[in-house]
Amino acid sequence: MTWLDLPAHHPFGVHNLPYGVFSTGGADRRVGVRVGENVLDLAACAERAGMESAAVWRAGSLNPFLDLGREAWASGRTWLVEQLTNEAHRDAVQPHLLPVADVTMHLPIEVADYVDFYASEHHATNVGRMFRPDSEPLTPNWRHLPIGYHGRSGTVVVSGTDVLRPHGQRKGPTDPAPVFGPSIRLDIEAELGFVVGGGTRLGEPVALADADDHLFGVVLLNDWSARDLQAWEYVPLGPFLGKSFATSISPWVVTTDALRTARVALPGQDPEPLPYLRGEVTADGAGTAYGLDVHVEVDWNGTVVSRPEFREMYWSPAQMLAHMTVNGATLRSGDLFGSGTISGPADDTRGCFLELTWSGAQPLTLGDGSRRTFLEDGDTITLTATAPGLDGSVIGFGECVGTVRPPR
Ligand code: MN
């Protein structure tokens, strides 16, 4: 129960409480928490309460708070719930609630390292069929390790930032030589992004059982992809300029604490992974290698074109984190890793247009009657998602929006 005037089961009720970074007018950026249609100015609220830790919320990113680690995140959440549910705090807290419509949202983290995985078996199989029609769709390593690549952290942008169509080289199968120009096969990838907190020392891997200590929260992530640039450049070192021009994330970081109610078992791993990736998990998702029951929607200019289900993912977030550090690579607060395109077995649960249109062969029809294969200038893509919360409630993620603009 909360003293806030909130409809029952509001997606940003007290069961959710995602963190973000906002500003008002010309004031400095600071950390806020979304509750209902408001943002709670955390630093102001904590300073009034005389909390020493208020300074971390005065920062222009979540990184200082992420540095404090799992125990501080948990006690912060307990304190917040107390502030928002105990009637005794109402008069002190209420002045620090600002309408979300009146604030500007910013990138929630200063992105340290950015990695993108490839954890959907259905996505990897479909892409393999299209890119390598004469060989097995899954590469021999795929079921043994979560495949990933290091992306470009400096071009991770917050929802609402326009995306410029990139220039680059492409060479179609029948072209005699490569040509240079704006991408003509601009695509999206609907993913979840995982925000990492708490640094590690060089040479010290994070065991699967300890991954939760570093998994702070989840954002929606759109890994914009220029398929024509990607197809020509990706052999043998993987994605490069076809993806590094922009990656959009939603402004609200939904905590893994809030998402405990969304844990589910993975669909199943065969063969059994090597011991460092092996986690026990029960049917209700307890254990180390759990999946998440997050329902994603992909909206193209107002038409929902796909509903990917994150629970179909083959590799779990904790397995991805354990794999990413098993060679001794460090973690830093503000690290971000993407799950890879979320695609399920059904046609209308595929998370990118390469798959949804089968490489452009089967156009989609939008609500205005227009037919689309890849993105045109002016197109707007909106990712949204929900997950099951406490006592039948729903956890909202907000939106990850981007509009394509012509190249400069
Ligand atoms: Mn991706």
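**Helix 4 and other sites**

Guide: Exposed means over 50% relative accessible area, buried under 20%, and partly exposed in between, with a 1.4 Å probe and protein chains only. The model is predicted, so local features need pLDDT of at least 70 and side-chain atom pairs count only at pLDDT 80 or more, while totals for chains, interfaces and linings use all residues. Residues are numbered from 1 along each chain as its sequence is written, and side-chain values use heavy atoms, with hydrogens and water left out.

Helix 4 covers residues 70-85, which makes 16 residues. Helices here are DSSP runs of H or I with at least four residues, strands are E runs of at least two, and both are numbered from the N terminus. From first C-alpha to last, helix 4 reaches 23 Å, close to the expected 22 Å; that expectation is 1.5 Å times one less than the number of residues.

The buried residues of helix 4 are Trp73, Gly76, Arg77, Trp79, Leu80, Gln83 and Leu84. Seen down the helix axis, they fall within an arc of 165°, so they line one face of helix 4. The arc is taken from the directions from the helix axis to the C-beta atoms. An α-helix has 3.6 residues a turn, so residues three or four places apart point the same way.

Elsewhere there is a manganese ion. Its protein donors are Asp116 (OD), Glu189 (OE), Glu191 (OE) and Asp223 (OD), at 2.1 to 2.2 Å. A donor is an N, O or S atom within 2.8 Å of the metal (3.2 Å for Na, K and Ca), and water is not among the atoms, so sites may look incomplete. Along the chain the donors follow the spacing D-x72-E-x1-E-x31-D. Asp116, in strand 6 (residues 114-117), and Glu189, in the loop between strand 12 (186-187) and strand 13 (190-196), are 73 residues apart and link distant parts of the chain. Both Asp116 and Glu189 are buried.

Leu274, by contrast, counts as exposed at 52% relative accessibility. Leu274 lies in the loop between strand 18 (263-264) and strand 19 (291-292).

Last, the cysteines. With a disulfide taken as a pair of cysteine sulfur atoms within 2.5 Å, the count is zero. For Cys352, the nearest cysteine sulfur is that of Cys400, 15 Å away. Cys352 counts as buried at 0% relative accessibility, and Cys400 is buried at 1%.
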